[in-house]
Amino acid sequence: MAGVANTWGYGAMTNSLNDMRHAQAMIFIGSNAAEAHPVSMQHILHAKEVNNAPIIVVDPRFTKLAAKADEFVRIRPGTDCIFIMGLVNEIIQKGWEDKEFIRTRVAGFPEMAASCSQYSPEEVENVTGIPAAQTRKVAKILATNRPASLTWCMGGTQHHIGSSITRAFCILQLVLGNMGKSGGGTNIFRGHDNVQGATDMCVLSHTLPGYYGLKDGSWKHWCRVWDVEYDYIVSRFKEKKWMNAKGFTLARWYEGVLGEEKIEQYTPIKAMIQWGCGSNSNSQYDRVVRAYNKLDLFVIIDPFPTMAAATCTSDNVYLLPCSSQYETSGSVTSTSRQIQWRHKIVEPINGCRDDYSIMEELVKRLGFADKFYKNIKEVPEDITREINRGTLTIGYNGQTPERIKKHMENWHTFDIETLQAKGGPCDGDYFGMPWPCWTEEHPGTPILYDVSKPVAEGGLPFRNRFGMEHTYEMSGRTENQLAAEGVYNPGSEVKGGYPEFKDVVPGTNWKTDLSQKTLKEAVRRGMAPFGNARARCVVWTFPDQIPIHREPLHSPRPDLITRYPTYEDKPNHFRVFTRYKSEQSPDLAGKFPFVLTTGRMVEHMGGGAETRSNKYLSELQPEMYAEVNPRTGHNLGLRDGEMIWIESPEGGKVKVKAFFTERVDEHTIFMPYHFGGVLMGESLAGNYPAGHAPYVSGEPANVCTNYGYDIVTQIQATKDGLCKISRA
Amino acid sequence: MKKILLSGLLLFLAMTGLAIAGPPETLTAAYQQFNALFTGEWQQYGQLFTGLQKDLFPRLFLLVITIVPVFFFLHYVAIGPMSFPHDGKQVYCYTLFVRIIHWLAAVSFSLLVLTGLLVIFAKLLGGGSLGIWARIVHLVTAVIFSASVIPMFLFWVREMLPAVHDLKWMLIMGGYLSKEQKAVPAGKFNAGQKMWFWLATIGGAVMAVTGYFLYSHQGNIDTLRLSAIIHNVLGAAMVALFLVHLYMSLAAIKGSLRSMISGYKAEAELKILHPRFKY
Amino acid sequence: MGRMKFLCDIERCIDCSGCVVACKEGNHIPVGVNRRRVITIGQGQPGEKSISVACMHCSDAPCIAVCPVDCIYQRDDGIVLHDKEACIGCGYCFMACPFGAPQFPGGQVFGARGAMDKCTFCAGGPEETFSVKERKLYGQNRIAEGKVPLCAAMCATKSLLAGDADEISDVYRERVFKRGSGANAWGWGKAYKDK
Amino acid sequence: MAQRKIRNSSSVGTTTSRVTLNPKVARRSFLKLSAATAALTTAAMTTRMTAKAASPAAVKKAYPDSKMVRSVCTHCAVGCGINAEVQNGVWVRQEVAQDHPVSRGGYCCKGASAIDMVTSEKRLKHPMKRVNGKWQKLSWDTAMDEIAAKMTAIRDNDGPDALHLNGSAKVSTEMAYLQRKFAAFWGSNNVDHQARI
């Protein structure tokens with residue numbers, strides 16, 4: 001998401017699922033929507049059937065989505081960036097780019113075009129394995145069918161160059177001029193039901209809610225929202241410098257426990273609360289397990305015992321049964337940025353408590369309840385109101401609990417094509433008031449950066465977030481970052497680019513003005529509070545200013561490592577030393593000849609604690625397996641259905657059933673990552689509380705996923721590791 | 001029988017092989033593949049089974065259990081049972097072991113027939129748990145019968161081998177159609193008994209195999225369909241011969257029941273019915 | 001009264017098993033019994049197709065013909081139902097069925113099959129409508145509520161259609177027409193797509 | 001189920017059995033769960049066999065006095081609507097949200113079994129902790145007291161950064177906000193959730 005946010009302002013799906021009905025072409029890369037987001041397929045197939053929109057699926061694996069594709073492009077894992085930049089190059093070479101869009105709304109285009117010219121279709125073929133003719137064909141399809149919608153998921157991001165890959169996707173859409181248009185956009189399908197909401201609330205170690213960051217000004221803003229003295233919060237930290245330092249991440253927190261890598265923190269991690277978070281989605285899972293057993297205190301809060309409860313055999317582990325989300329209420333943000341109210345269906349089942357009351361009990365005992373709950377009396381509605389008050393950056397302020405509930409009650413009044421209510425109490429609103437929703441009268445923004453609508457009716461330009469002008473290192477050219485003359489939303493006072501709003505209330509800007517006068521003023525003048533700028537192709541704060549290809553840390557192509565080397569090692573990457581150059585070695589591919597990639601299956605979800613505890617879903621998918629191409633299997637002397645060991649270079653290994661299928665090619669092994677309850681061949685069924693072990697168990701694929709983390713976000717690289725296989 | 005079963009199986013395998021050869025290229029091809037996967041060559045065995053079960057089997061059994069008794073009733077009235085003096089010399093024909101095995105087989109077979117008919121005519125009795133229990137009893141007795149028929153086969157198989165004089169016996173219908181007591185061409189066992197023996201043992205084995213398929217629902221669907229057809233046709237034949245055996249032992253030959261209890265047969269009887277028997 | 005039918009649009013089926021679980025969860029079907037199942041052909045290869053199949057509620061249903069206890073019957077609207085209390089579990093309907101629809105839960109004495117179970121088109125059984133007994137033996141009776149069967153109602157991509165034959169064939173015809181035409185005149189999308 | 005998929009639908013390898021809906025096929029690799037069905041009581045056939053069909057006039061309510069609660073599926077980010085039918089405080093069935101603008105009543109297999117999240121037998125029903133390697137039940141108050149005391153001790157001895165909180169993308173936005181706020185009040189930036197990976 002960081003890559004997307006740094007391109008045009010916000011890191012979220014730009015259009016909506018329903019809007020994909022208007023696409024003239026759809027390209028999916030690293031997304032298996034048919035399994036991960038099955039219901040979205042009704043809109044996707046609608047576009048395919050009614051608009052005759054070609055579906056292009058780029059994936060290492062012939063997925064169930066690929067079965068619906070018009071063009072299936074089999075790509076080597078981890079080479080998405082070069083393929084997309086190759087497409088961009090091909091489009092520019094043929095002159096198919098949207099020149100007017102680029103002139104008026106895109107920054108850094110010549111620099112980017114110069115950089116990507118190195119990726120000819122032939123070079124793309126050499127690196128990715130995609131025939132040059134197919135790259136050309138895809139470029140032609142995209143050029144002749146506009147607008148095209150681009151979708152990616154974890155297959156595009158879980159690489160050590162994930163932030164470059166996501167930017168490449170954005171650049172492709174900018175070059176084609178597909179942004180801010182119905183039927184176009186970058187439609188990033190989020191995984192969990194409320195990833196968007198939780199990300200917006202920034203349960204993240206590098207920022208405060210609403211993507212405010214960790215700067216002093218951000219802390220002061222939130223202290224004002226919380227109605228608590230800034231000094232009090234400072235006093236809660238060890239020293240003030242730790243307030244501004246990014247914390248450990250979910251991907252590598254365990255390094256803080258194990259002490260095997262150099263960490264940049266005054267103390268190792270000794271206690272851990274895992275709240276609604278299945279553990280077996282972590283790569284190098286065997287190391288995570290070691291960390292669990294080294295903790296002084298480990299609290300698991302979940303409706304079902306997660307695999308963590310079974311792997312941690314030391315005392316000091318607590319299991320708190322919280323209720324499911326159907327037994328509590330609150331808002332939830334879907335991938336289309338729509339906010340819906342999840343009503344409580346039944347009371348928490350006997351013995352369980354909902355999340356809010358667990359939090360309340362904990363905070364009470366830790367002694368800061370009065371400050372923590374200062375403005376929160378009615379749970380959860382008052383919390384929503386506090387969010388409305390403070391989260392100005394992404395326009396979470398118009399979605400009051402009352403409005404969200406009103407939308408839920410009247411969901412039948414919304415039009416399926418536009419998601420706009422026709423008449424009724426929500427007349428004119430877009431379903432779920434997709435953020436930004438600047439005021440309580442604002443209908444929500446169904447399509448980000450759409451300049452064809454007035455701001456008050458859901459239009460927006462690109463965000464001015466990165467200054468007024470910039471001089472590029474590579475060309476020495478200086479470019480104005482604001483949008484060109486003539487690009488504005490209907491009714492805007494300024495008929496061109498303009499900077500973000502500030503000092504409407506003196507001393508504040510649109511992000512920190514709690515009175516929200518700035519937002520209202522901007523909307524009144526028909527302008528976006530965050531300004532009107534260009535989307536950037538060059539992100540000068542990133543290690544790669546323009547997306548370039550770098551071979552995966554564990555590359556199956558040693559010959560390409562010198563040409564496309566990885567980054568230098570990064571000593572303090574979210575408080576932990578992270579290896580890049582010292583990890584990449586040309587010798588590895590000889591010993592570990594297969595590429596290991598992971599993914600979802602439709603029957604299970606995440607770590608699978610919920611779905612493997614469901615008897616019907618367990619019945620449908622009762623076994624862990626690894627997909628192996630029959631040719632590979634037979635060459636290794638294996639039989640279909642036989643048990644095999646899969647080993648990673650880090651020493652993690654799993655014993656799984658070989659499933660021969662041509663879904664994967666001869667160099668690739670695929671495993672679903674939902675299973676748990678078995679570790680390196682040993683069943684942990686006895687470690688669950690009696691009677692609560694899930695119906696089915698299997699090896700977690702992530703024991704085998706390799707070392708490797710994104711240079712910017714530290715997302716784990718689970719999709720392009722190496723492995724070897726042998727008969728068990 | 002087994003050959004038919006086997007060839008059916010092979011045919012089926014060949015068909016499955018065809019059915020899953022590669023992905024479909026057109027919608028029509030896809031529909032054809034789905035048809036092959038699901039319904040298979042339903043036209044071949046499915047339709048055959050449906051037709052037979054719908055029109056033939058219940059009527060066949062009804063015919064067997066009505067016509068055969070009626071025929072015997074007429075025989076009993078018109079010709080009457082054979083009767084031999086039992087005060088003469090007694091010949092020890094059946095050892096105790098043979099008799100125990102025979103009775104085990106007899107009781108279990110009777111139950112098999114009874115429960116089998118219960119299933120076929122369950123409609124008249126309302127079905128439900130009665131039918132389910134009939135099937136369970138059918139299974140248990142089938143196991144007992146199978147167990148008892150193996151020793152029976154072993155100790156009688158030599159005497160049961162067909163001989164030329166059996167043809168003559170068949171031509172005169174064993175002499176049962178006349179009131180006159182005249183020696184018929186037969187060894188220890190006459191042709192009728194031999195028929196019954198072979199049907200009960202080999203036929204019984206086939207019934208056991210097909211019955212196992214039907215009960216367990218193992219194997220592919222066409223095997224099940226063939227099994228059901230064979231089980232029914234063979235079953236009807238066995239019920240018919242069972243009734244014959246029942247009539248002979250209980251009514252047609254006075255005292256034959258006693259011989260299977262005591263093991264002794266009257267020499268007078270043997271002279272007429274089993275003259276070639278060297279005791 | 002129309003004729004109730006199922007129609008699975010294989011161009012849309014994505015093998016998500018939503019129909020399978022909707023049926024099981026809604027009707028409390030024991031594990032191991034599949035009133036409905038999704039089958040895939042050509043898995044992992046271009047041309048992969050999936051289809052969702054259950055009892056098709058045939059006209060002249062072979063199962064009705066072969067049942068030795070006559071426990072299977074057809075309603076006026078074409079839905080084929082059966083009486084579980086009369087069924088003796090002989091399995092003949094399974095052998096007669098071209099679609100392999102009838103299911104037999106195990107677990108009886110000596111592994112005997114219990115009464116047959118199959119798709120009821122969410123129309124319950126011969127018991128009193130909405131009675132506890134009907135719900136326990138056959139599941140929901142949504143037809144009596146005026147609702148479509150769960151599998152079709154919950155189909156993720158609206159691939160599976162259920163209902164009055166005329167209506168669903170209209171829906172399907174319209175889809176086929178649109179696929180051939182794009183949004184404009186018939187055949188244009190295919191014929192003149194690249195100008 | 002790899003095995004089933006191979007057997008039923010793969011065109012690679014050898015297949016020896018035709019696809020049927022035969023329960024045996026599913027049971028073979030799933031013995032653990034085969035549920036027993038009670039023997040049915042006997043009943044003679046009666047006139048119940050006569051065909052019956054519902055006419056619109058006969059439409060009535062399957063669950064009298066039930067109410068519909070609108071909610072959202074908890075599995076993926078599509079945000080499918082859920083219509084939950086609740087009778088006397090019990091979620092009796094999941095009704096189809098046919099008019100939801102995004103999902104139009106559609107569910108995948110996970111969403112279709114939403115009710116199982118509440119009814120699953122595998123749900124935990126007591127706070128537990130490990131004592132000498134064995135799970136032990138304890139009351140909510142004791143559990144929370146012990147956890148809070150240990151957290152305070154760790155904070156006093158090692159500092160607030162000795163705690164890491166892994167929050168969730170499966171809770172409501174409000175709860176996610178509280179998780180982040182909690183980390184701030186606790187005095188650490190060691191907080192993260194699944195969006196990272």
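Chain A and chain B do not touch, their nearest C-alpha atoms being 11 Å apart; contact between two residues requires C-beta atoms, placed from the backbone, within 7 Å. The model is predicted: local features need pLDDT of at least 70 and side-chain atom pairs pLDDT 80 or more, whereas totals for chains, interfaces and linings use all residues. Residues are numbered from 1 along each chain as its sequence is written, and chains are lettered from A and ligands numbered from 1 in the order in which they are written.

Five pairs of chains are in contact, and chains A and D share the most contacts. This contact takes 140 residues from chain A and 107 residues from chain D. On the side of chain A that touches chain D, helix α17 (residues 355-366) gives the most, with eight residues. Helices (H or I, at least four residues) and strands (E, at least two) are DSSP runs, numbered from the N terminus. Strand β7 (residues 271-275) of chain A runs parallel to strand β6 (residues 163-166) of chain D, and four bridges join them; pairing requires at least two DSSP bridges. A:Met272 has D:His164 in β6(D) as its bridge partner.

A:Cys202 lies in the loop between α11 (195-200) and α12 (216-226), and A:Asp227 in the loop between α12 and α13 (230-236). A:Cys202 counts as buried, with 25 C-beta neighbours inside 10 Å, whereas A:Asp227 is exposed, with 11 other C-beta atoms within 10 Å. Buried denotes 20 or more such neighbours, exposed 12 or fewer, and partly exposed the range in between.
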